[in-house]
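Thank you all for coming. I would like to take a few minutes to walk through some local features of the model on the screen.

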Amino acid sequence: MVLSPVPAPGHPAEQPTRQPLGPGGATTDPGTRPRELPPVHDALLCVALPAFALSPRHGQLTGHGPEGVYASGRRLLSRSVLRVAGREPVPLQGRLAAADRAVFVGAVRAPGDTGPDPGVTVERSRGADGTERITLRSAAPRPVRLLVELVLGTDLAELGAIASGRARPDLRASVHGTGLRWTAPDGRSVAVTADPAPMDALAAAGVLRWEADLAPAAALTLHLRVHAGRAPGATPPGGTGRPGGHLLPDAQAEGDDPRPGALLRASVEDLRALLQRDPAHPTDIHLAAGVPWRCGPVTAEALWAARMALPLGTRLAVTTLRALGRTQLTTGAEAGRLPGPLRDAGPHLPPRCTGVEATLAYPAVLAEARRWGLPPADLDELLPVAERCLGWLRRALDQDGLLPDPAPGGPWRAETQAHAHRAALLGADLLDSCGRPGGADLRAAARTLRERFRGTFWLDDLSGGRPAARAPGGRSWSQLGGWAAHLLDTGLLDGGGHAPGLLDRAETEQVARLLGTPALDSGWGLRGLGTKEPGHNPFGHRAGAVRVHETAVAVAGLATAGYEKEAAALLRGLLDAAEHFDHRLPEMYAGEQRTAGARPVPHPAACRPAAVAAAGAIHALAALAGIRPDAPGRSVAVHPMPSAPLGAIRFSGLVVAGEPFAVRVSRLGLGMVEEAAEGLQLGV
């Protein structure tokens, strides 16, 4: 949950407020009582940003809550209710046919039907942009004549207003061509056109009518299109068109277990659906954090997602890094830091700064993208931004060599030290490889972090100890949660090997054991806060809900560290949860303990699709193969999980060194590269 935008740590504007944010960072009206986000957990979301359609499973858009068709943050259509022969069809099925299209099936009793079997079926295929195909099929033994009516309406409200409960009444329609048109007081307009043209259009009621004559086994199809207009004098928004799908390849997984293939396919589709252009720089593309609530500017989540999607190539990382780099602070004490809002950190810690998180991630993502095959021209362009991030890191470390977050007065979080340590080591490796100075200072800073970590952030106890955070004044926060997984996420270095982390061998083993306990492993994934901790809430964003991103970080970190049992258990739980979510994982869901016959419980306000969830699924699945690329060194190694917990599996359509890459893992846990760039050697 984002609390407030922040320009720089320590500034008054960076302190968290209680005023909630609407989508894209717009604050709600301070004169109104803050409201919770409308529930969307049971909706079908068709997404092709900047457009999306949010539909209930019965397919009728009734104008209730956030239902509707949206484009660029505005609702174009809030009502689309179909009636056949004076009745609404009986809803039978609603499903996603693709990331950008939903299909709804209903039945209608035709005049003269005498038994329980309906004679007419209705199929509605709705796209993210509101384009809809309505097909009526007759199985009646005789010709039937049906009156078909479509009730349409809109308020042209902004998504932020809808999220905060301030949607306005429906606008009055006017007849427009083969459909209806609505115009808002500010001059914005939207029209719906139909083909074939209706026999009647009733503007006052917002109704289009057709008379359908259906012979036995015949069908009638109606096509609807939604056309958005601009306010008078408004300039066309730049970069609002759909990005092409060339950024992400058609990766596939096939093997003994069919679930990884279905999850990988859905996750790639979701990432494509979430791609959006930077309005000021239309050639730059990045991921929206999630739909429907988080489609604003580029965020730290977009950078995390781009990193976890590196097995699909480096183009997404390049465009995301470029977009974030443009926001970098260039003057003052905070020069080199990336700005970002404060984010809720759970019931025990004050909010953390996503700008600090992005600043530490930037050089690490650039360094790892280079290992996966980043073109030299892109590296040259982005390296100065990474150098400034690393310069900020060196200056931001306190006198003890630790990094406070979000302000110089603390607190000091264990996971922030892990991110800083990774940034220092991978940044030093990057600078050395590019012939730039500063690597020695960064390694010295990383060494100090390692030396200070045990005494500051590790609490010994009879069970073996645990990591903790430090509050101003020296007090420790010992509440254990999924954040501990970040201590195992150390990053790739020269030769494709993993960098050392902050933990020694015994501490790594203890963290692995803790991540695998029922207090943290819900059976569906990793909880944000352990069940035994004060303040635990299975629906709490950072207080007990399962966050897919942290679960994926844990799976990959545990597998790399050699704790395969714990990694496999979390991965199986994630795959089981994905099945219940039709393989479109939400950003989070309830951390209820799994029991026999149970299903994962959705979070009512979670974004779905979400960038870190879709990319996290790819990251977790890739851990099965353990791909460790070193494109500059012209080598790639594979270190699969030795027990092959999902049986044999083959990944294809991945990208290493700019070329297609395929790897197979046998039931014995042996990895074999089947396709790779010419001249790429198999490493150790």
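This is a predicted model: local features need pLDDT of at least 70, side-chain atom pairs count only at pLDDT 80 or more; totals for chains, interfaces and linings use all residues.

Let me begin at the surface, where Arg95, Arg101, Arg133 and Arg137 gather in a patch of positive charge. One of these, Arg137, lies in strand β11, which covers residues 132-138, and with a relative accessible area of 39% Arg137 counts as partly exposed.

The side chain of Glu533 is joined to that of Arg466 by a polar contact of 3.0 Å.

Now to the backbone, where, as a general point, most peptide bonds are trans and most residues other than glycine have a negative phi. Against that background, Leu49 and Pro50 are joined by a cis peptide bond with omega about 20°, and Pro50 is in the loop between β2 (44-48) and β3 (51-55). A cis bond also runs from Arg608 to Pro609, with omega near 15°, and Pro609 has its place in the loop between β29 (588-589) and α12 (611-622).

Finally, which value of phi does Asp582 have? Phi of Asp582 is near 55°, a positive value, and Asp582, in the loop between α11 (564-580) and β29, is exposed at 53% relative accessibility. Ala657 likewise has a positive phi, near 55°, but Ala657, in the loop between β32 (649-656) and β33 (659-665), is buried, at 18%.

How values were computed: Residues are numbered from 1 along each chain as its sequence is written. Side-chain values use heavy atoms; hydrogens and water are left out. Patches are made of residues with over 30% relative accessible area and no salt bridge: like charges are joined within 9 Å, nonpolar side chains (Val, Leu, Ile, Met, Phe, Trp, Tyr) within 5 Å. Accessible areas come from the Shrake-Rupley method with a 1.4 Å probe; for residues, only the protein chains shown count as cover. A salt bridge is a side-chain nitrogen of Lys or Arg within 4 Å of a carboxyl oxygen of Asp or Glu. Lys and Arg count as positive and Asp and Glu as negative; His and the chain ends are not counted. The place of a charge is taken as NZ of Lys, CZ of Arg, CG of Asp or CD of Glu. Helices (H or I, at least four residues) and strands (E, at least two) are DSSP runs, numbered from the N terminus. Buried means under 20% relative accessible area, exposed over 50%, partly exposed in between (1.4 Å probe, protein chains only). A polar contact is a pair of N or O atoms within 3.5 Å; within protein, one must be able to donate a hydrogen and the other to accept it, and residues adjacent in sequence count only if both atoms are side-chain atoms.
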